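Please read them with the structure open.

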Number of protein chains: 2
Amino acid sequence: MKIAIIGTGAVGKTIASKLVELSYNVMIGTRNVSEKMASTEKDLYGNPPFSEWLKSNSKVRLGSFAEAAAFGELVVNATNGGNSVTALIHAGAKNLAGKVLIDIANPLDFSNGMPPRLLPGLNNTNSLGEEIQKTFPETMVVKTLNTMWCGLMINPNLIGKGDHINFISGNSEEAKTRVKKLLNELGWPDKNIFDLGDITGARGTEALLPVWLRVNGVLKTGAFNFRIVR
Amino acid sequence: MKIAIIGTGAVGKTIASKLVELSYNVMIGTRNVSEKMASTEKDLYGNPPFSEWLKSNSKVRLGSFAEAAAFGELVVNATNGGNSVTALIHAGAKNLAGKVLIDIANPLDFSNGMPPRLLPGLNNTNSLGEEIQKTFPETMVVKTLNTMWCGLMINPNLIGKGDHINFISGNSEEAKTRVKKLLNELGWPDKNIFDLGDITGARGTEALLPVWLRVNGVLKTGAFNFRIVR
């Protein structure tokens with residue numbers, strides 16, 4: 001199956017590598033392909049520029065937002081939450097129509113320093129997941145994987161024998177069923193995929209970020225997650 | 001030690017009973033004592049009226065908000081989050097000055113149905129814990145226990161051998177140390193009391209409610225909590 005990843009950050013690269021390993025055909029979409037390939041800047045975490053990463057992940061294709069969205073039978077939104085809606089508009093509603101879109105982004109607002117807040121208009125009475133669903137009514141948006149460090153998204157067994165929680169929400173049961181199968185392949189057993197219902201569940205999981213980021217600040221590692229104890 | 005509980009709901013009654021069992025002197029504060037004692041209404045959950053509960057918890061005293069706050073060497077806010085600041089103003093800044101106040105309330109807004117939102121002005125860029133701290137600068141506000149069902153607050157061993165998390169935040173290290181000792185007595189070992197830092201941590205823990213309430217809706221029980229897996 002062909003999968004498009006919108007966004008070239010740590011989340012996009014991590015998911016892309018893993019999906020290639022699982023034998024999917026993967027295209028990453030970026031705003032401007034030639035700029036992205038010409039950039040020699042390291043990322044925020046000191047990682048090498050994207051072009052170097054692409055060399056060592058040669059099965060991953062790179063295209064514009066629209067090329068990637070047109071290519072993918074399933075699309076993953078791994079952009080910065082503040083830019084997600086704009087990036088997806090560039091990807092094109094027609095290219096996204098009728099497809100499942102996995103939204104991993106969080107509407108974080110770093111403009112007032114750390115820890116970030118959630119973006120105005122995208123919290124409490126709304127969420128990024130809902131906003132994307134409202135903007136692209138013909139797309140089946142599934143919010144998942146957004147409550148953890150990207151290293152765990154593709155390798156839950158890294159901690160606690162993989163026994164911790166990944167939330168999922170979305171309006172389409174069929175889309176969630178498809179995404180759950182993909183999550184199984186990433187290492188998430190059904191018992192640890194917690195279905196919160198429709199896409200308004202994204203209000204809950206995106207609101208986990210303010211506490212996640214504070215716990216992260218105390219533990220000084222992203223390699224942690226929540227388990228539900230009953 | 002004398003402890004005041006502000007609020008006669010399920011949380012207030014549960015904490016009061018447990019503190020009496022632990023040999024504390026407890027007074028519950030209510031808006032209007034004679035009204036509260038005259039009421040024959042069952043609560044939202046079908047529990048008997050407060051006067052009946054008080055009969056079977058005869059060591060608990062009942063007073064006005066101000067009487068209770070004056071009585072307590074330590075004060076617990078167990079009011080409805082939407083009324084907390086008003087109730088504490090009635091309790092009196094002078095009666096609260098120089099004291100530790102444990103804030104268990106959550107700023108839930110049920111006006112748009114279930115699951116509730118957080119109250120405007122008390123989320124994302126603010127929190128109820130911070131608002132109380134700002135309103136009563138001479139009081140040492142400690143936010144804790146607000147991320148779980150009240151049955152677990154006083155009996156964490158009810159599930160998962162007690163191995164799950166209770167967050168704490170507050171500006172005063174001394175106040176947090178005192179509250180941690182009380183939490184130990186309630187059954188919370190130090191290893192499961194997670195200190196998020198200053199009172200802005202309340203933004204994180206109050207924001208857990210939108211996901212807590214959704215998980216609660218799926219599990220149909222409040223007897224669950226989160227564990228941090230590393």
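1. In chain B, F167(B) stands opposite F194(B), a residue of strand 10. Strand 9 (residues 166-170) of chain B pairs with strand 10 of chain B in the parallel sense, over three bridges. Keep in mind that this is a predicted model.

2. Where do these strands belong? Eight strands of chain B form an open sheet, in the order 3-2-1-4-5-8-9-10, and the pairing is mixed. Its edge strands are strand 3 (61-64) and strand 10 (193-195) of chain B, each of which pairs on one side only. On average, neighbouring strands of this sheet are turned by 25° against each other, direction ignored.

3. For background: strands of a sheet pair through backbone hydrogen bonds, in either a parallel or an antiparallel way.

4. Strand 4 of chain B has parallel partners. With strand 1 (residues 2-6) of chain B, strand 4 pairs in the parallel sense over four bridges, and V76(B) is the bridge partner of I5(B). Strand 4 of chain B also pairs with strand 5 (residues 100-103) of chain B, in the parallel sense over four bridges; here N77(B) stands opposite D103(B).

5. Which way do the residues of strand 4 (residues 74-77) of chain B point? L74(B) and V76(B) point one way, V75(B) and N77(B) the other way, and all are buried.

Technical notes:
Residues are numbered from 1 along each chain as its sequence is written. Chains are lettered from A and ligands numbered from 1 in the order in which they are written. This is a predicted model: local features need pLDDT of at least 70, side-chain atom pairs count only at pLDDT 80 or more; totals for chains, interfaces and linings use all residues. A residue is buried if 20 or more other C-beta atoms lie within 10 Å of its own, exposed if 12 or fewer, and partly exposed in between; C-beta atoms are placed from the backbone. Helices (H or I, at least four residues) and strands (E, at least two) are DSSP runs, numbered from the N terminus. Two strands pair if DSSP finds at least two bridges between them. Axes are lines fitted to C-alpha atoms, for helices over the stretch in contact, and angles run from 0 to 180 degrees between N-to-C directions.
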